[in-house]
Amino acid sequence: MSRADTQEDLNAVIRQHSELLAAQLHSQRESLFPPDASKSMRKFTSGEAAALLGVNDSYLRKLHLDGKGPSPEVSSGNRRHYSAEDIHNLRILLEKTARKPGDYLPGRRAGDHLQIIGVMNFKGGSGKTTSAAHLAQRLALTGYRVLAIDLDPQASLTALHGVQPEFDLLDGGTLYDAIRYEDPVPISNIIRRTYIPNLDLIPGNLELMEFEHETPRALAQGNAGLFFFRVKEALAQVDDQYDVVVIDCPPQLGFLTMSALSAATGVLVTIHPEMLDVMSMSQFLRMTADLMDVIADSGADMSHDWMRYLLTRYEPTDAPQNRIVAFLRTMYGDKVLNAPMLKSTAISDAGLTKQTLYEVERSAFTRTTYDRAVESLNAVNDEIAQLIQKTWGR
Ligand SMILES: Nc1ncnc2c1ncn2[C@@H]1O[C@H](COP(=O)(O)OP(=O)(O)O)[C@@H](O)[C@H]1O
Ligand SMILES: [Mg+2]
């Protein structure tokens, strides 16, 4: 057999395998979700709704009994369940009589700038997508207007939100459409509503790789302009519609990540506290700094409101992890978020069914397992919300 023959065979095999896999994934999804069904958000217990709103459950019950605001679904034992939509409507109602403006709708006020948070690290598996998804959902559920962007060609954030990158985006629909050099579309064309009020999504898929290929070409032809501003300029078109943008970055320091970094006002670097991860992070930081120097040399303002490290998949009982955490905290001080994201089977199991922990029912897990994981995620996300509030001067 000649060399060319084997090469052709390899192509054919890979193509065949790709088609087999795509068909399998498709049928798996068909069995999980009927073709036109879309994801929906579960209902929240009155206790959960009260906690999200920051009021007492008894106050919510009184509102219900007085016929004020949305009516919850009442089940046996007089248990009340609220939809995410109900919670949003309650927010609007409560804000009208709030003691301080922003108690229930904590987003931007006049003069506050849009927060753009890039979640990055070039190590795959460092928890970027998990962190980005839970942050975006928690912010939306607590009253911020949020746009989540999947900038990773592997599209895990997209899949997590019920959009199938290999089927639902055959005619484009990723951020690539809005940042490409030829005929970019308005960013509003590619923004999708999700099943969570206040949370919109720009999905991703492999097409995003085109930006990595086209940028060097455009640079060579002198057409790229300030390529690293493509994301920032696209977002400027919808600046007034959101409070926070959360960008899930690809696991490499390419042109997409650089553009996200240039757009970002806040940077979250996820770290899994294990030696190999920390060693690769040192390279990541050096390369990032080098690239930011290059971008700054061309006149861009690379200043950010904040940058934090987030410890992910942390196991408090693991001695080697604890040594690394102590080492990172000593070295980087308050740049490491106080709250770590704990490792939890509740988080990974939810991920297996393409859900976040905020989407699954508490009853799906042992109560302590679920509560511990949710508390850890809430603590992380609420600490980030505080950073956002601080940059708005509150
Ligand atoms: N806190 C956690 N507890 C348990 N599993 C986690 C946790 N965070 C992430 N994972 C799992 O680790 C894997 C990698 O996480 P992911 O967020 O996809 O990383 P990245 O986006 O950096 O590649 C996923 O399978 C995810 O479900
Ligand atoms: Mg990811």
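**View 1. Ala136 and its contacts in a predicted model.** Ala136 is in contact with Val146, Ala148, Leu199 and Val246, leaving aside neighbours within four places in sequence. Two residues are in contact if their C-beta atoms, placed from the backbone, lie within 7 Å. The model is predicted: local features need pLDDT of at least 70, side-chain atom pairs count only at pLDDT 80 or more, and totals for chains, interfaces and linings use all residues. Residues are numbered from 1 along each chain as its sequence is written.

**View 2. The largest nonpolar core.** This core has 94 residues, and Ala136, Val146, Ala148, Val245, Val246 and Ile247 have the most contacts inside it. A nonpolar core is a set of buried Ala, Val, Leu, Ile, Met, Phe, Trp, Tyr and Cys residues joined through C-beta atoms within 7 Å. A residue is buried if 20 or more other C-beta atoms lie within 10 Å of its own, exposed if 12 or fewer, and partly exposed in between. Helix α14 gives the largest share of the core, eight residues. The core lies between domain 1 (44–96) and domain 2 (115–391) because both give residues to it; domain bounds come from an automatic or database domain assignment.

**View 3. Asn78, a residue with positive phi.** Asn78 is not a glycine, yet its phi is positive, about 60 degrees. Asn78 sits in the loop between β2 (73–75) and β3 (79–82). Helices (H or I, at least four residues) and strands (E, at least two) are DSSP runs, numbered from the N terminus. With 8 other C-beta atoms within 10 Å, Asn78 is exposed.

**View 4. Lys354, in a loop between helices.** The loop joins α13 (345–352) and α14 (367–391). Lys354 has a positive phi, near 55 degrees, and is partly exposed, with 17 other C-beta atoms within 10 Å.

Terms used:
Chains are lettered from A and ligands numbered from 1 in the order in which they are written.
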